[in-house]
Amino acid sequence: MTSPHSGSGRPRASSRRMLAEAAGELFLEQTYARTTIDDIARRAGVSRATFFNYFPAKSDLLWLEVDESLDRFAAALAVVDDTLAPMDAVLEAVVRLAEGFGPDRLPLAVTQVELMGTDAELQASGLPRFLELVRVVAAAIATRIGEDPDTLLPRAAATAVVGAAVAAATVWARAGVRRGPLAPLVRSAVEPVCRGYASLLVNE
C-alpha cells in the first residue's frame, strides 16, 4: 500500500490543507491575481516543487473541497441501487454529492469571492470540472440504458442535470451567511430535470 506520507514525513492530506489555508489567507490579503505560487509555498513553509506535488495549478486550490468530492463521485454513482431507474439513480447520487457541503464545509471557491477577486478564475477553471462531471453522469446513464455515452440522450440528460446542480450551487454560494445545507437546493433544481428525462427514457 502506498504511504500517505510525503518524503519529509508530513501527511499528504495535511500538506494539501496547509497549502490551501496559506492560499486562502493570501488571496484575502492581496487578491488571487496578485498572489503567486511562490508566495503560497513560502507561507505554507514548503518549496515550489512541493507545491506542484499537490496541485497542478494555482486555480486548483480554489476547488480543493469540490475536487475531493468529485473524485469519489463516479464510484458513488456506480454503487447506487441497480433496481432504481436511471434518472432516479442519478438524482440520488447528485444529492449525495451535495450532502457533503454545508455551512460547516465550504469550498474555498465559494467563500469571499469578491475580496479574493476570484470570479473570473472560477469561471475559467470551473469549466473542465463541469465537463468531467457531465462525462461521468452521461456514462452512468448510458450504462443503465445500454447506450453509447456519446449519443444524444445520455449526453443531453447529463448536461441538463449538471447544469441544474451548478445553478443550485451558485444560488447557495451567493446566499452568504444565510446559506443552509446545499443538498435541498440541489434536489429542487435537479429533480424536475431527472423527471423530464425519465419520461424520455421510458419511451426509448
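**Two helix pairs**

Hi everyone, let's start with a crossing: H7 passes H8 in a right-handed way, meaning that the near helix is turned clockwise from the far one by less than a right angle. This is a predicted model, where local features need pLDDT of at least 70, side-chain atom pairs count only at pLDDT 80 or more, and totals for chains, interfaces and linings use all residues. Residues are numbered from 1 along each chain as its sequence is written, and side-chain values use heavy atoms, leaving out hydrogens and water.

On the H7 side, the contact (heavy atoms within 4.5 Å) is made by residues including Phe130, Leu133, Ile141 and Ile145, and H8 brings Pro154, Val162 and Val166, among them. By class, that contact has 13 nonpolar, 2 polar and 2 charged residues.

H7 covers residues 119-145 and H8 residues 152-174, and they pack at about 135 degrees with axes 8 Å apart. H7 is therefore oblique to H8; angles under 35 degrees count as roughly parallel, over 145 as roughly antiparallel, 65 to 115 as roughly perpendicular, and the rest as oblique.

Now, how do H4 and H5 pack? Helix H4, residues 64-78, and helix H5, residues 86-98, pack at an angle of about 150 degrees, with their axes 10 Å apart. H4 and H5 are therefore roughly antiparallel to each other. Their crossing is right-handed. Ser69, Leu70, Phe73 and Leu77 of H4 meet Ala89, Val90, Ala93, Val94 and Leu97 of H5. Those residues divide into 8 nonpolar, 1 polar and no charged.

Definitions and conventions
Axes fitted to C-alpha atoms, helices over the stretch in contact; angles between N-to-C directions. Helix = DSSP H or I, 4+ residues; strand = E, 2+ residues; numbered from the N terminus. Nonpolar A, V, L, I, M, F, W, Y, C, P; charged D, E, K, R; others polar.
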